[in-house]
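Subject: A structure for you to explore

Hello,

I am passing a protein structure on to you, along with some notes to read beside it. Please open it in your viewer and keep it on screen while you read.

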Amino acid sequence: MPKLGRPSPALVIAFLALFVAASGGAWAASGNLGSAHVAAHGKSKGKRGPRGPRGFRGRQGSRGPQGPAGAGGPAGTPGAVGPSDGFVKSQLPSVTLPAATDTTVAQLVLAPNSSYIVTAVTELGNTSGTAGFVNCTLLENSTPLGAGSAEFSTENVFGHMVTLTGASTGGAVKLSCNPDVAAAARNTVITAVKVETLNRQ
């Protein structure tokens, strides 16, 4: 029987090349098969279903640190002030008003050389049982600031309110009434508010 010798290096290299070639073909075949499987699987995939319900909202986080204070507003106009003082004179008891006579019902004394808004209110009544008129005037000293009137019926009742308003520069501010029949005035109030400036028109 003949004795086998050692294989030559060329034969070993030839066998290795044959093995690599055979393995590469099998890998390529398996790779093509996987690609075809993925493509087929992708074509058979169904449509996406509806979105599920939203989960619960998380807890609110803690409040952050307070920011810095904002800048201050603009300064006010120098010298612009509101009313500084108010003055009131009340004459609540009834005051008799003789017929055809100027009678001071109430008087409020104000500091001169200032500016005031003055209002006088009084309730008038007939005491004669005869119909008539009564005229009332708001005065600064002897200068009229405003005037009004009321008509009496024959009933002896306090059924008329007269309100007068004017602008004054101070002094004796008074309410004077003059009826043509015997009458009376009660619940009289004179108020004055001192203001910075009077703007007359």
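Predicted model: local features only at pLDDT ≥ 70, side-chain atom pairs only at ≥ 80, totals over all residues.

As background, strands of a sheet pair through backbone hydrogen bonds, and they can do so parallel or antiparallel.

Now zoom in on β5 (residues 132–140) and β6 (residues 143–152). How many bridges join strand β5 to strand β6? There are 9 of them, and the two strands run antiparallel. Two places are handy for finding your way: N135 has S149 in β6 as its bridge partner, and C136 stands opposite G148 in β6. The hairpin of these strands has 2 residues between them, and N141 in this hairpin takes a positive phi near 55 degrees.

**The disulfide**

Stay with C136 for a moment. A search of the whole structure finds 1 disulfide, and this link joins C136 to C177, with 2.1 Å from S to S. The link of C136 and C177 is right-handed, with 110 degrees about the S-S bond. Because C136 lies in strand β5 and C177 in strand β8 (residues 171–179), the pair ties together parts that are 41 residues apart in sequence.

Are these cysteines buried or exposed? C136 is buried, with a relative accessible area of 1%, and C177 counts as buried too, at 0%.

**The salt bridge and a ring**

The whole structure was also searched for salt bridges, and 1 was found. As a general point, side chains of opposite charge can pair when their charged atoms come close. Here the side chains of R186 and E123 meet, at 3.1 Å from N to O. This pair links distant parts of the chain: R186 belongs to strand β9 (residues 183–195) and E123 to strand β4 (residues 115–126), 63 residues apart.

The two partners fall into separate accessibility classes. R186 counts as partly exposed at 31% relative accessibility, while E123, at 13%, counts as buried because the limit for buried is under 20%.

R186 has another contact worth a look: R186 lies over the face of F158, at 4.0 Å from the ring centre.

**The aromatic pair**

Last comes a pair of rings. What describes such a pair of aromatic rings? The distance of the centres and the angle of the planes do. A search of the whole structure finds 1 aromatic pair. Its members are F87 and Y116, arranged edge-to-face, with 5.9 Å centre to centre and 70 degrees between the planes. F87 lies in strand β1 (residues 85–91) and Y116 in strand β4, so the pair ties together parts that are 29 residues apart in sequence. F87 counts as partly exposed, at 28% relative accessibility, whereas Y116 is buried, with a relative accessible area of 1%.

Enjoy looking around!

Best wishes

Definitions and conventions:
Residues numbered from 1 in each chain as written. Heavy atoms only, no water. Pairing = 2+ DSSP bridges. Helix = DSSP H or I, 4+ residues; strand = E, 2+ residues; numbered from the N terminus. Disulfide = S-S within 2.5 Å. Buried < 20%, exposed > 50% of the residue type's maximum accessible area, 1.4 Å probe, protein only. Salt bridge = Lys/Arg side-chain N within 4 Å of Asp/Glu carboxyl O. Phe/Tyr/Trp six-rings, centres within 6.5 Å; stacked < 30°, edge-to-face > 60°. Lys NZ or Arg CZ within 6 Å of the ring centre and 35° of its normal.
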